[in-house]
Amino acid sequence: MTKIAIIEDDQAISQMYRFKFEAENYQVETAENGKLGLQLVESFKPDIILLDLMMPEMSGDQMLTEMRKTSWGKNIKVVILTNRGEQEIPPAVKTLGVEAVILKADMTPRQVAELVKTKLGIN
Amino acid sequence: MSEIIELELSYLAAAIPEGLEKCEHKTLSDVYFPASAAHAKLRIRQKGDTFELTKKTQADPNNAGNQREENIQLTLEEYGALAAGEGRSLTKTRYYLPYRGLTAEVDVFEGALAGLIIIEFEFDSPEVKNAFVMPDFCLADVTQEEFIAGGVLAGKSYADLQPQLEQFRYRPLT
């Protein structure tokens, strides 16, 4: 079963993607900040991560920076979730090997699920 | 379930009202169903930690300013399950701006609709509504324009609306 981790502090968005990806037969785990996200990813070893940027405790870009330094996290596929405009994305994010940056307000869960499938090569 | 009749007027903003950034505000995330409807009437909304399902219909077929709203509160789980379905979404920040004894709801749209600001007033009676004079920070009364309804705007971009907005000489506001 394909595994996806959703790291997002907005519980409504997190729940929405959980329902969507569980309906598509993914194994889904969630965490609500980057600190918990790092612990989750290390143990869960997802195939792909949906990662919010603005979160308490540890932001998504900080989590990504830390994760890329590890042996277990350096190659995991990451899709960034954000409500910021492209120009407001921290520059570091673009240099850390992300698959895509998604403006949350502009994509339906189905579109996000299709994008994830494409990035995983399972379309 | 609660049901209310709203008497409202909607305007395109002429400018960002002075002092808006200091006003109480909330982020509203809406998903409209079905995605295939040109003007969807069924909506789920996240407002902070609260979630609701709303069916909005025109109370007076000749006046889009009289809307009937039927609301049901949802749990986070219920909201998440519905939001995962096939809807069209929009996100906006709603500012509550005091104006001459009323409250202007100033909706600043985000994402693909960034640049669009719509200002709504709700009234207790038709008399108060009929006597209302458009404030200076408003550009045009669009109450009867279908294109500004949430169920039409959801899933669209500012560029999609540009032809209609230009008819009112509206320019994007940020």
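Which strands of chain A does helix α3 (residues 60–68) lie across? Select α3 and look: α3 of chain A lies across β1, β3 and β4 (77–82), running at about 145° to β3(A). Here helices (H or I, at least four residues) and strands (E, at least two) are DSSP runs, numbered from the N terminus, and angles run from 0 to 180 degrees between N-to-C directions, with axes as lines fitted to C-alpha atoms, for helices over the stretch in contact.

A quick note before moving on: this is a predicted model, where local features need pLDDT of at least 70, side-chain atom pairs count only at pLDDT 80 or more, and totals for chains, interfaces and linings use all residues. Residues are numbered from 1 along each chain as its sequence is written, while chains are lettered from A and ligands numbered from 1 in the order in which they are written.

Next, select the strands of chain A. Five of them form an open sheet, ordered β2-β1-β3-β4-β5, with parallel pairing (strands pair if DSSP finds at least two bridges between them). At the edges sit β2 (27–31) and β5 (100–103) of chain A, each pairing on one side only. Now pick I7(A): L51(A) in β3(A) stands opposite.

Last stop: chain B. The contact (C-beta atoms, placed from the backbone, within 7 Å) takes 15 residues from chain A and 17 residues from chain B. On the chain A side, α1(A) gives the most, with eight residues.

Terms used
Two residues are in contact if their C-beta atoms, placed from the backbone, lie within 7 Å.
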